[in-house]
Amino acid sequence: MLKILSNKFIDYNYNLEREDMIKMKKKLSFIKRCNLRAFLSLFILSFLFLAIMVFICSNYSDQNNATIYNTPKISVNFDGTLNLTNPEEIDGKSFYQGDTIPIKGRVFHRINGTSLENVNVILRVDNQDLSNFNDTTDINGEFTIDYNIENTLNVFSNHLIEAKVIDDLEIEYITNYTINVNTTSYFEINGPDGIYLAQESLDVNGYIRFNNGTGIGSETINYQWFNTTDTGPWTPITSNLDGSIPLILVPTILKSGVYSINFSFPQIPNAVDDTDLSISNIRIFSNFTCDWNLASEASVGQNVIIQGQAHSTENSSIKIINRQFRILYDGLLIATITTDGNGNFSYSYSIPSGTGNITLSLELIETVPGVGYSSSFNLEVTQAVAPPSPNIGIGPTQLFLMIGLPIIIGAVIILGIYGFLYYKKNVSTSRVINIPLEDKITNLKILKDSGRLEEAISYLFNAIYMDLVAAKYGRTRKITETIRDFAIISVKDFKLNPSSIYPFIQKVEQIIYAKPFEISEEVFYQIIELFSPIYFQLTGYHFVLNF
């Protein structure tokens, strides 16, 4: 019994020891697994740390490779060391394009301090060798390079300044400089030409530029309208990419008058200085009036010079110069004209068929949508009246002829003598005979005195010759007939002298159709001489101008 109990006790102890050993093994296995995980984690962290350090060092090395500047170190492999010696003058400072700055330095042995003489040094700017800026070291190993800052350097970034030895030497570089570059600015404005209507866009034909002439693009410009009595607000605009000044809207609040514009370009800190400019003599108007200069009456077929002067309604001293207008006759467009430097205009026009009160209109060609202005003139048009036929009465001499043959014979002799004397008198006094059609001669004189000689010759043909032919023969020139065609008709149908007609028509045709064709005053009077015998054939009078 005791033996059985003893065996059971032994088995029980054995089981306890076995369970303890199993637990111990599990515990040791857990510890081993934990140690392995810790080791692996530490290994991975170390690897990541090393990779990061390699990456940082690689980037740092790449950055240093972009410049000749290296971390200061002493090495027996270097033939010398270059050190820049005036940082207080240059490093971190701002200079203007075009300034000349001294870059000073020394080349020497770092170990024993011995100066290196006759070493050739050039300048480097932004990692670019500038061999035209150079110097040679003196007995003390010192050099000075005077650098003239180029106008091409960007004013919106800083610039790296270095010195470089170009001799076959191993050089250690321990310093460099950084500088900022400023520049000045200026306006280049040729100024607007002409006169402008409120609400129109004004082109000042100008630029804002850097000192080197390059346009300053996409930057703010302020402008202000003003004159002796009014001053407008400052208004910002943005320059175009090429530095050109964009169109400026003429304010509707401006009264008619002469204005100036102030332009201001604000400073861009550490880059561009400010600048200002004023332009003047800009004429502004808000409406116009025309002072017409022509007779209020005309007849069908008459050649009329439509002329006048356009000026501001509010201020008559402001002439509407170099502007395009339309001329309308009874609502129909007949011409587009441009006023001259005094606001004057002139157009020759033959009055068409149709009588009554006709409205002539001068319309400003619209440049602002929905804004148009015009000025009108009332012209009374009547039917053309043919000149009355000469009143040939029966004189005493003719009555005497009917008395008898003896009296007729005596009368014929007397009349022959009288006729001869009368003809001689006409020949001697023909140059002072006043010509008819006084209004037309007045218009001809106006055209001649104003220097428009070609228009005067055209007027001579269309308004004087054609009116005489129409009055005498009842014939007008058809639309399909050329001037040369009418010359042939004048000879064939009207029996006019061809030796007089053809030279005159040839000159007129040359002037009218061969434009531009400018004639002199001498040629003008030669053509008048050609017309005189034609006029005599049509009227019995000589055509003489008293001007």
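E521 is partly exposed, with a relative accessible area of 44%; the term covers values between the two limits of buried (under 20%) and exposed (over 50%), calculated with a 1.4 Å probe and protein chains only. The structure is a predicted model, in which local features need pLDDT of at least 70 and side-chain atom pairs count only at pLDDT 80 or more, whereas totals for chains, interfaces and linings use all residues. Residues are numbered from 1 along each chain as its sequence is written, and side-chain values use heavy atoms, with hydrogens and water left out.

## Salt bridges

E521 takes part in a salt bridge with K448, the closest N and O atoms being 3.5 Å apart. A salt bridge is counted when a side-chain nitrogen of Lys or Arg lies within 4 Å of a carboxyl oxygen of Asp or Glu. The pair links distant parts of the chain: K448 belongs to helix α5 (residues 438–449) and E521 to helix α9 (residues 521–539), 73 residues apart. Helices (H or I, at least four residues) and strands (E, at least two) are DSSP runs, numbered from the N terminus.

The structure holds 13 salt bridges. In one of them, the side chains of R326 and E363 meet at 3.5 Å, N to O. This pair also connects distant parts of the chain, since R326 sits in strand β22 (residues 324–329) and E363 in strand β25 (residues 356–364), 37 residues apart. Another salt bridge brings together the side chains of E455 and R452, at 3.4 Å from N to O. Salt bridges that share partners also join R124, D129, E162 and K164 into one network.

The table gives the accessibility of several residues from these pairs.

| Residue | Relative accessible area | Class |
|---|---|---|
| R326 | 26% | partly exposed |
| E363 | 25% | partly exposed |
| K448 | 12% | buried |
| E455 | 30% | partly exposed |

## The five-stranded sheet

An open sheet is formed by 5 strands in the order β2-β9-β7-β4-β5, and the pairing is mixed. Its edge strands are β2 (94–96) and β5 (128–136), each of which pairs on one side only. From one strand to the next, the twist averages 35°; the axes are lines fitted to C-alpha atoms, for helices over the stretch in contact, and angles run from 0 to 180 degrees between N-to-C directions. Two strands count as paired if DSSP finds at least two bridges between them. Strand β2 pairs with β9 (residues 177–182) in the parallel sense over 3 bridges, and S94 stands opposite N180 in β9.

The loop between β4 (120–125) and β5 contains D126. D126 has a positive phi of about 55° although it is not a glycine. N127, found in the loop between β4 and β5, likewise has a positive phi, of about 65°, without being a glycine. Most residues other than glycine have a negative phi. D126 is partly exposed at 28% relative accessible area, and N127 is partly exposed at 33%.

## Strand β26 and its partners

Strand β26 runs parallel to strand β20 (residues 297–299), to which 3 bridges join it. Its pairing with β25 is antiparallel and comprises 8 bridges. In these pairings, E380 of β26 stands opposite E297 and opposite N357.

## A polar contact and a surface patch

S264, in strand β17 (residues 257–265), is buried, with a relative accessible area of 17%. Its side chain and that of D276 are joined by a polar contact of 2.9 Å. Such a contact is a pair of N or O atoms within 3.5 Å; within protein, one must be able to donate a hydrogen and the other to accept it, and residues adjacent in sequence count only if both atoms are side-chain atoms.

F43, I44, L45, F47 and L48 make a nonpolar surface patch of about 550 Å². Patches are made of residues with over 30% relative accessible area and no salt bridge; like charges are joined within 9 Å and nonpolar side chains (Val, Leu, Ile, Met, Phe, Trp, Tyr) within 5 Å. Accessible areas come from the Shrake-Rupley method with a 1.4 Å probe, and for residues only the protein chains shown count as cover. I44 lies in helix α1 (residues 2–65) and is partly exposed, at 47% relative accessible area.
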